[in-house]
Amino acid sequence: MRRVAQVVRIRPEKADEYRELHREVPGPVLQRLRRCHIANYSIHLLGDRLFGYFEYHGDDLATDLALMADDPATQRWWELTAPCQQPAEEAGAGEWWTSMEQVFLME
């Protein structure tokens, strides 16, 4: 199992819309996440930053993320959520959600 923590900025004027969208994430989007071996996924908000955490239980995260990106239901979902977000200053070229370095884990 691989732990993944990511950050993205939220557009302050879109924070309420983003919260509302996540009150009822479409079933097909959740099903795609599960089929891509993603579990225990959560998103948290502090100020203008969204922090996402999930556990990956597959063998090839890049392939599973590509499958997710090709999924029509997920694409429609991202069309709704993307206008609420913007990459963090630390994001690399072409990055949206930026992966964070794990510096501590208590098991």
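I started with Thr-74, which I found in helix α4, residues 72-81; helices here are DSSP runs of H or I with at least four residues, strands are runs of E with at least two, and both are numbered from the N terminus. The model is predicted, so I kept in mind that local features need pLDDT of at least 70 and side-chain atom pairs count only at pLDDT 80 or more, while totals for chains, interfaces and linings use all residues. Residues are numbered from 1 along each chain as its sequence is written, and side-chain values use heavy atoms, with hydrogens and water left out.

Thr-74 is buried, at a relative accessible area of 2%, where buried means under 20%, exposed over 50% and partly exposed in between, with a 1.4 Å probe and protein chains only. Leaving out residues up to four places away in sequence, I listed Val-29, Arg-32 and Met-68 as what Thr-74 touches, a contact being heavy atoms within 4.5 Å.

**Overall fold**

I then looked up the secondary structure, which comes to four helices and five strands, in the order β-α-α-β-β-α-α-β-β along the sequence. The radius of gyration is 14 Å, close to the 13 Å that the globule rule gives for 107 residues, so the protein is as compact as a globular protein of that length; the radius is taken over C-alpha atoms, and the rule is 2.2 Å times the number of residues to the power 0.38. Of the 107 residues, 32% count as buried, and among contacts between residues at least 6 apart in sequence, 73% join residues at least 24 apart.

**Cores**

I next looked for nonpolar cores, meaning sets of buried Ala, Val, Leu, Ile, Met, Phe, Trp, Tyr and Cys residues joined through side-chain atoms within 4.5 Å. The largest has 10 residues, including Val-8, Ile-10, Val-29, Trp-77 and Trp-97. Strand β1 (2-10) and helix α1 (15-21) each supply at least two residues of this core, and its largest share, three residues, comes from α1. Apart from this core lies another, of eight residues, among them Leu-33, Ile-38, Phe-54 and Tyr-56. I noted beside these entries that nonpolar side chains tend to be buried together in soluble globular proteins.

Gly-47 sits in the loop between β2 (38-46) and β3 (49-56), and counts as exposed at 65% relative accessibility. I read off 8.3 Å between the C-alpha atoms of Gly-47 and Pro-12, which are 35 residues apart along the chain.

Trp-96 is in the loop between β4 (85-86) and β5 (98-99), and is partly exposed at 36% relative accessibility. Its C-alpha atom is separated by 6.8 Å from that of Val-8, 88 residues away along the chain. Setting aside neighbours within four places in sequence, I found Trp-96 in contact with Val-7, Val-8, Ala-82, Gln-85, Gln-86 and Pro-87.

His-37 is in the loop between α2 (27-35) and β2, and is partly exposed, at 36%, whereas Asn-40 is in strand β2 itself and is partly exposed, at 49%.
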